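Dear colleague,

I am passing on the structure we spoke about, with the sequence alongside it.

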Amino acid sequence: MNTRPDQPLRLGTRRSKLAMSQSGHVAEAVRAVTGRPVELVEITTYGDVSREHLAQIGGTGVFVTALRDALLRREVDFAVHSLKDLPTAQPDDLVIAAMPRREDARDALVARDGLTFEQLPDGARIGTGSPRRTAQLNHYARSLGKRIETVPIRGNVDTRIGFVRDGEFDAVVLAAAGLNRIGRSDEATDLLSVDHVLPAPGQGALAVECLASETDLIAALGELDDPHTRAAVTAERSLLAALEAGCSAPVGAFADLLADGQIVNEMRLRGVVGTLDGSTLVQLSTTGPVPQSYDEAMSLGRELADEMLAKGAAGLMGERSL
């Protein structure tokens, strides 16, 4: 890395409006801690150009590989990813130098006529490209005594919301964090409680990645790291890895911090695996001290995954939409 103070740091980012927005926020934070200019380098990934559904192209890594290749070729100094897009295995020559404070991890419903999920009519058509959402939305609908039809969709936020505006769907489901980051949180008609729909592991969090050899840059980027976010997301991703599931499998996980007054003293990790029709879910949780190390966070996820496998999660994992 060129260390001249006037030399811009090159931030690799996907080209989408959402990616550019979240990378822009990181760029401002990096400028503040380093005093150096930061320029965004737009990179097109396979996931951006493929028209196939994510479940069909494998999901995991399709938005990441091109950014990592640019890092390894030293075309950029660091890259910003949506953490839920990252494969759980970390390459030896790259390091996640920072996980900034997490945005809202919940899923958001954007429905016609301002409807909440519980107000949707029986037989409502809901657009989502996620098997995880499909399984849990169907289960949620069943618990309300109604049926929904989930339809696979791709596209950016505008495209997805357009399906509702055009009357093609009654609703679509998006990550609340994405709507917040592009200033469109008011489009959500319902924020889906994690008690009903667990998010994807790492949803709402960002990963700032660079070469493992760039120790000075790692130290600088580390100023952006939020330890609670890192502990929570590491536990969620450990659960995902232990279930041997990519982001095309119907797995949800969420770790939240439990406070006693002002003191955060425990972490609760919840996980879910389900059949796509929502007829069967394995949903378990565990609570323990807030992990103080990477190994502690990893073991929390592995232990819950083992419990879920013992309850039959492996059989449900077989229903992958690949």
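Predicted model: local features only at pLDDT ≥ 70, side-chain atom pairs only at ≥ 80, totals over all residues.

A search of the whole structure finds 23 salt bridges, and I describe some of them here, including one between Arg14 and Asp85, whose closest N and O atoms are 3.7 Å apart. That pair links distant parts of the chain, for Arg14 sits in strand β1 (residues 9–14) while Asp85 sits in the loop between β3 (78–82) and β4 (94–98), 71 residues apart. Both Arg14 and Asp85 are buried.

Another salt bridge is formed by Arg15 with Glu42, where the closest N and O atoms are 3.3 Å apart. Because Arg15 lies in the loop between β1 and α1 (17–34) and Glu42 in strand β2 (residues 38–43), this pair ties together parts that are 27 residues apart in sequence. Here the two partners are partly exposed: Arg15 has a relative accessibility of 47%, and Glu42 has one of 38%.

The side chains of Lys17 and Asp158 also meet in a salt bridge, at 3.1 Å from N to O. Since Lys17 belongs to helix α1 and Asp158 to helix α6 (residues 157–165), the pair ties together parts that are 141 residues apart in sequence.

Turning to the strands, how many of the five residues of β5 (residues 107–111) are buried? The count is five of five, so that the strand is described as mostly covered. Side chains in a regular strand alternate between the two faces of the sheet, and in β5 both faces are covered, with Asp107, Leu109 and Ala111 buried on one side and Ala108 and Val110 buried on the other. Strand β5 runs antiparallel to β8 (residues 171–175), to which five bridges join it, and Asp107 stands opposite Ala175 in β8. Strand β5 is also joined by three bridges to β9 (residues 190–192), again in an antiparallel arrangement, and there the bridge partner of Ala108 is Leu191.

The count of aromatic pairs comes to two. In one of them, the rings of Phe117 and Tyr140 have their centres 4.4 Å apart and their planes at 15°, which is why the pair counts as stacked. Phe117 lies in the loop between β5 and β6 (124–127) and Tyr140 in helix α5 (residues 131–143), so to speak distant parts of the chain, 23 residues apart. Phe117 is buried, with a relative accessible area of 0%, and Tyr140 counts as buried at 6%. The other pair is made by Phe163 and Phe169, whose ring centres are 5.4 Å apart and whose planes stand at 85°, and it is therefore edge-to-face. Phe163 counts as buried at 18% relative accessibility, and Phe169 is buried with a relative accessible area of 4%.

Finally, Phe117 has a further neighbour, for Lys146 lies over the face of its ring, at 6.0 Å from the ring centre.

With best wishes

Notes: Residues numbered from 1 in each chain as written. Heavy atoms only, no water. Salt bridge = Lys/Arg side-chain N within 4 Å of Asp/Glu carboxyl O. Helix = DSSP H or I, 4+ residues; strand = E, 2+ residues; numbered from the N terminus. Buried < 20%, exposed > 50% of the residue type's maximum accessible area, 1.4 Å probe, protein only. Pairing = 2+ DSSP bridges. Phe/Tyr/Trp six-rings, centres within 6.5 Å; stacked < 30°, edge-to-face > 60°. Lys NZ or Arg CZ within 6 Å of the ring centre and 35° of its normal.
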